Amino acid sequence: MKKKQLIKKATPYLFISPWVIGFLLFTAGPLLLSLIMSFFNWPIIGDSSFIGMGNYVEMFTQDSQFWKSMVLTLKYAAIFVPLNLGIALFLAMLITQPIRGVKVFRTIFYLPAVVSGVAISILWKWILNGDYGILNYLLSLIGIEGPKWLVDPAWALFAVILASAFGVGTMMLIFYTDIKNIPIELYEAASLDGASPARQFFSITLPIITPTILFNVITSMVSAFQQLTLVMLLTGGGPLKSTYFYGMFVYDNAFKHRRLGYASANAWIMFIIILLLTSLVFKSSSAWVYYGTEVKTAKGGKKK
Amino acid sequence: MKKVMGMVLVVGLLAATLLSGCGNNKQNGTDSGNKGEEDSKVKIRFASWDNAEDLDTQQKLVDDFNASQDNIEVSLEAYGDDYDTKISAGMGSKDAPDVMYMWNYPAYHEGLESLDSYIDKEGSDFKKNYYDALWAYNSIDDSVYGIPVGFTTHCLFYNKDLFDQAGIEYPTADWTWDDLKAAAAAITEKCDGAKGFSYQIKADPYDYEMYLWSNGSGYIDADGNLEGSINSDKSVEVFEFFQEMQKEGIAVATEGGGTDEMRSAKTAMYIYGSWSIGTLKEDGLNFGVVEIPAFASSGQDSVSILSSSGLSISKDSKHKEAAWEFVKYWTGEELNKARIEYELPVLNSVVDSEKLMDDEYKAPFYSMLEQSSGYTPTSFVIDQWSVLGDNLELSFERIFNPSTLEDVKTVLDEVAAE
């Protein structure tokens with residue numbers, strides 16, 4: 001009897017054990033190791049020595065590049081998140097329109113998101129080339145002399161933001177499915193009452209998809225902070241370090257300057273910052289996110 | 001019964017998943033794991049940074065070696081562009097390949113085996129056959145860590161067609177930078193759409209030191225100080241000279257190495273290593289190669305930086321003797337000749353036998369090699385080169401980026417102050 005009971009209880013754990021073991025070995029384990037490493041001076045080749053909070057102190061007090069990269073990445077995230085959200089929402093609204101051939105557009109809009117990050121970087125490198133790039137050629141057709149996108153420090157950040165907009169397909173798709181799920185009766189009732197399409201959008205669509213907006217804000221914020229591939233391949237952090245995002249800063253510390261301990265400390269600080277910002281967003285979400293299962297009380301109620 | 005079957009299935013799946021994970025780990029290490037005990041062959045891993053056609057050639061040469069050897073089998077690992085990262089990772093986990101291409105001795109020498117004793121065993125003629133200047137670039141603190149396998153110096157490439165079009169004489173070995181500037185100005189004027197000279201915006205600080213050497217200065221002085229050396233008048237003169245050419249519109253600062261601009265005839269001259277000879281020849285470009293001009297006021301010949309690669313043995317290798325055999329093969333005469341299309345041979349005997357000093361494209365590189373002995377790059381001397389190199393690269397960008405073109409003396413003073 002006891003043996004059967006044991007097997008019964010153990011079976012679900014056995015089913016999830018491959019994933020759990022994988023998680024422990026490949027995610028949790030290395031995470032823990034990097035935390036430990038961050039308290040060491042750990043060169044790639046040679047001996048490591050324990051220095052306690054030394055790395056963290058150095059980062060905040062002696063490394064000016066740390067602050068520069070951090071500010072730059074925050075700036076990038078501040079522009080990237082709303083911009084991408086806006087584009088994704090706009091495109092999602094477009095493909096919910098019942099017009100002929102909308103399925104084709106759905107595919108076209110989503111396609112860039114499927115292309116590998118490396119391929120996108122190389123593609124954009126050529127599009128943005130100052131002398132032979134397509135972008136400047138198109139601009140010249142309407143009479144504007146395009147800047148050298150990847151050479152001029154004033155424009156390079158904008159070029160990176162432009163190139164990163166390619167990944168907007170996933171968010172668009174998530175918005176699209178959510179919008180499609182809104183019961184059509186709501187729209188019918190609103191138009192009966194005389195609401196214009198714009199009013200319908202702001203009063204019906206937007207409030208109902210706020211949970212999805214929350215999700216997209218958080219995921220795009222996290223990926224903005226971790227941006228590395230695009231920057232590494234498109235600008236290499238330049239020109240003049242104007243696109244030297246935090247991800248590149250960590251990578252260079254690890255592999256160029258060979259300081260694994262310091263780089264681990266960098267990574268953990270980034271983790272803490274993303275954690276803080278994410279929890280801030282979550283905290284604020286109670287004010288603007290509307291879940292369909294909530295019941296409006298007299299005291300509560302949504303702020304417009 | 002059903003429950004037992006279910007359990008067996010679950011356990012079976014579990015075991016399969018776990019074991020497949022383990023199995024992969026074993027295969028990632030050397031192949032010598034299981035097979036080595038049965039065969040008597042010693043397995044050696046050899047890492048190369050080449051790709052495409054060069055890699056195919058290398059694979060064939062490795063296969064030839066394996067066929068000729070009873071006891072040693074070499075497997076070629078192609079690391080491509082990720083070479084540094086993979087080697088670092090390998091050394092960090094004490095699992096670096098037995099034999100590897102090496103150029104960044106300052107960074108990696110702690111993971112490499114010192115080859116002095118192996119060289120001595122080969123007799124005194126072994127070392128003499130290699131060009132003398134190369135040994136300094138493959139050693140740290142007088143101990144040799146790599147056998148030179150290839151090198152390049154830098155030379156001036158020029159487009160003969162553009163020169164003909166402008167009606168100017170081709171550059172010669174005794175040109176000065178003033179001669180070059182005059183020619184560049186004439187070409188820019190007479191040839192539509194082309195500039196006379198080009199150089200990189202993101203100049204590699206390692207390479208750039210050669211211009212300072214050519215003018216009698218350097219990044220650091222004999223005691224390792226930046227102040228007074230990198231911002232000396234002679235150093236400032238070099239940078240200002242290049243910057244002037246850009247300001248006057250006779251030179252273009254390129255985003256990349258400059259070969260693309262050369263190939264599309266957007267520039268008439270540029271300075272580069274021997275890497276582009278093959279490409280330019282294939283394009284059918286009518287070009288010539290000559291030594292780098294000298295600075296008129298310096299009173300000396302121009303000097304070039306050496307980019308020398310060597311073959312090193314990992315300190316953690318378990319088959320060092322076998323590795324040494326392979327190193328000798330790969331750096332020997334036969335292979336110097338086999339690689340002649342893309343790597344300049346390092347052996348005196350091969351240069352003589354292949355009459356390379358008569359080859360109009362290759363001879364200037366050897367002249368520059370002879371003009372350049374006795375100089376040690378700062379990267380070999382300074383511990384914190386990765387940080388200094390970064391600072392230098394950023395400073396050069398500030399000076400050469402067409403959007404900034406900052407004042408040279410100010411920028412260099414800042415570098416010296418750090």
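1. Two residues are in contact if their C-beta atoms, placed from the backbone, lie within 7 Å. By that rule, 24 residues of chain B touch 22 residues of chain A. Four helices of chain B each give two or more residues to this side: H1 (2–28), H4 (83–92), H5 (105–108) and H20 (385–400). H20(B) supplies the largest share, 5 residues. By class, the chain B side has 10 nonpolar, 9 polar and 5 charged residues. Here Ala, Val, Leu, Ile, Met, Phe, Trp, Tyr, Cys and Pro count as nonpolar, Asp, Glu, Lys and Arg as charged, and the others, Gly among them, as polar.

2. A word on the source. This is a predicted model: local features need pLDDT of at least 70 and side-chain atom pairs count only at pLDDT 80 or more, while totals for chains, interfaces and linings use all residues. Residues are numbered from 1 along each chain as its sequence is written, and chains are lettered from A and ligands numbered from 1 in the order in which they are written. Helices (H or I, at least four residues) and strands (E, at least two) are DSSP runs, numbered from the N terminus.

3. Chain B is assigned two domains: domain 1 (40–152 + 307–371) and domain 2 (155–304 + 383–417). These bounds come from an automatic or database domain assignment. The C-alpha centres of the two domains of chain B lie 30 Å apart. Their contact takes 13 residues from domain 1 and 16 residues from domain 2. On the domain 1 side, helix H18 (residues 363–371) of chain B gives the most, 5 residues. That side divides into 7 nonpolar, 4 polar and 2 charged residues.

4. Chain B also holds an open sheet of 5 strands, ordered E9-E8-E10-E7-E11, with mixed pairing. Two strands pair if DSSP finds at least two bridges between them. Strands E9 (251–254) and E11 (287–290) of chain B are at the edges with a single partner strand each, so one side of each has no neighbour in the sheet. Strands E7 (residues 155–159) and E10 (residues 267–272) of chain B run antiparallel, joined by 4 bridges. Phe157(B) has Tyr270(B) in E10(B) as its bridge partner.

5. In chain A, look at helices H2 (residues 54–61) and H14 (residues 260–288). Their axes come within 9 Å and cross at roughly 70°. Axes are lines fitted to C-alpha atoms, for helices over the stretch in contact, and angles run from 0 to 180 degrees between N-to-C directions. Asn55(A), Tyr56(A) and Met59(A) in H2(A) meet residues of H14(A), including Tyr262(A) and Ile269(A).
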